[in-house]
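Hi everyone, thanks for making time for this one. Let me put the structure up on the screen, and then we'll walk through it together.

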Amino acid sequence: MFRRDDAPLLKLRDISVRFGFVDALKEVSLDVFSGEVVAIVGDNGAGKSTLVKVIGGLQTPSGGDIEYGGQPASIHSVHEANAIGIVSVFQGQEFCNNLDVSSNLFLGHELKDSHGMRDDESMNSKARQILQEFSSAIRVGQPISTLSVGQRQTVALARTLLNDPKLILLDEPTASLSVMQTAEVLNYIKRLRTQGRSVILIGHDLPDVFAVSDRIIVLRHGRINGIHETLETSYEQIIAEIAGVNGSSANLDSITSMNQYDNLMSRRTLIDRTMQFQAASTDESYGP
Ligand SMILES: Nc1ncnc2c1ncn2[C@@H]1O[C@H](COP(=O)(O)OP(=O)(O)OP(=O)(O)O)[C@@H](O)[C@H]1O
Ligand SMILES: [Mg+2]
């Protein structure tokens, strides 16, 4: 899907962010290619959200350079990020509870007809088309207040597609979702990649990260502590780098023998099966 010999879509060079005495990010350099899913993992406070906020225009870096599409880019606001095709979904997206799904999708970007009037018909049909990419259970005329947490998250994700973005930033998109809803979101991420879009995903659950990413970036204390092709690394290695222990075979073996390690394995099996099941049932509902 993506080719490393192409020029990267996004290039970060020595990005730093300081909050008072805290180095939230220290000289972070990273390339992201078109059609690539990059996962960012790390302990609490490692700088994951800060990194994604810098790319999404929510946080101005104290130092470093950003290139986007081969051009120097200064992304000082969400609006500027959107204008070049970068969109983000953060936890706790705002919705208007008294409005329906379609109105919430287009909130602030309502479609107008040739007389400058609000065009509900066009919005509903576009909303229906976008939601079909996700989940059959959500109807566009349904009040947003009747949706489950997972369905709301789906609407938040669907909203990102309105402007045909090239790069989608997701900060823990599956936190507090059920396994079925998580599978839905992960399959959606895979579909974005098939469409040639890039995704940067902050993940808290390693099995989810391994199930969907092409590369895994480990952040620790604001610095990059490892960059790996997902297919060429292991849970042990990533856990060791998150924790900042060296990757000696004794350390990796001790990680493998932890109880939590078995939980990771069973979670991975569960998530893979649910993703297959979910993908198959979506294909059935919508045909080829
Ligand atoms: N607005 C802010 N003001 C001051 N310090 C901040 C601010 N935002 C983040 N920090 C600090 O910067 C560091 C990185 O925070 P960040 O939120 O990026 O971490 P994270 O990896 O996303 O953590 P978590 O897993 O808890 O979401 C932390 O030490 C945090 O306390
Ligand atoms: Mg965070």
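Phe210 has 22 C-beta neighbours inside 10 Å, so Phe210 counts as buried. By that word I mean that 20 or more other C-beta atoms lie within 10 Å of a residue's own; 12 or fewer makes a residue exposed, anything in between is partly exposed, and the C-beta atoms are placed from the backbone. Phe210 lies in helix 7, and helices here are DSSP runs of H or I with at least four residues, strands being E runs of at least two, numbered from the N terminus.

A quick word on what you are looking at: this is a predicted model, in which local features need pLDDT of at least 70, side-chain atom pairs count only at pLDDT 80 or more, and totals for chains, interfaces and linings use all residues. Residues are numbered from 1 along each chain as its sequence is written, while chains are lettered from A and ligands numbered from 1 in the order in which they are written.

Back to Phe210. Which residues does Phe210 touch, leaving aside those up to four places away in sequence? They are Thr230 and Arg268, where a contact means that the two C-beta atoms, placed from the backbone, lie within 7 Å. Arg268 is 58 residues from Phe210 along the chain, and their C-alpha atoms are separated by 8.3 Å.

Now hold on to that spacing and look at Pro173. Pro173 and Leu231 are also 58 residues apart along the chain, with their C-alpha atoms separated by 22 Å. Pro173 sits in the loop between strand 7, residues 167-171, and helix 6, residues 179-194. With 25 C-beta neighbours inside 10 Å, Pro173 counts as buried. Beyond residues up to four places away in sequence, Pro173 touches Val89, Gln153, Leu157, Val185 and Leu201.

In that loop between strand 7 and helix 6 you will also find Glu172. Most residues other than glycine have a negative phi. Glu172, though, has a positive phi near 50 degrees. With 19 C-beta neighbours inside 10 Å, Glu172 counts as partly exposed. Glu27 is another non-glycine residue with a positive phi, near 45 degrees. Glu27 belongs to strand 2, residues 22-32, and its 15 C-beta neighbours inside 10 Å make Glu27 partly exposed.

Let's step back to the domains. The assignment, which is an automatic or database one, gives domain 1 as 10-85 + 165-286 and domain 2 as 95-164. Taken over C-alpha atoms, their centres are 27 Å apart. Across the boundary, 14 residues of domain 1 are in contact with 13 residues of domain 2. On the domain 1 side, helix 6 and helix 10, residues 259-286, each supply at least two residues. Helix 6 gives the most to that side, with five residues. By class, the domain 1 side has seven nonpolar, five polar and two charged residues; here Ala, Val, Leu, Ile, Met, Phe, Trp, Tyr, Cys and Pro count as nonpolar, Asp, Glu, Lys and Arg as charged, and the others, Gly among them, as polar.

So what does helix 6 pack against? Helix 5, residues 149-160, packs with helix 6 at an angle of about 15 degrees, and their axes are 10 Å apart. The axes are lines fitted to C-alpha atoms over the stretch in contact, and angles run from 0 to 180 degrees between N-to-C directions. Helix 5 and helix 6 are therefore roughly parallel, given that under 35 degrees counts as roughly parallel, over 145 as roughly antiparallel, 65 to 115 as roughly perpendicular and the rest as oblique. Gly150, Gln153, Thr154 and Leu157 of helix 5 meet Gln181, Glu184, Val185 and Tyr188 of helix 6. Those residues divide into three nonpolar, four polar and one charged.

One last pair: helix 8, residues 235-243, has Ile238, Ile239, Ala240 and Glu241 as its buried residues. They pack against strand 3, helix 7, strand 9, strand 10 and helix 9. The axes of helix 8 and helix 9 come within 9 Å and cross at roughly 105 degrees, which makes helix 8 roughly perpendicular to helix 9. Glu236, Gln237, Ile239 and Ala240 of helix 8 make the contact with Asn251, Leu252, Ile255 and Thr256 of helix 9. Just after helix 8, Gly244 takes a positive phi of about 80 degrees.
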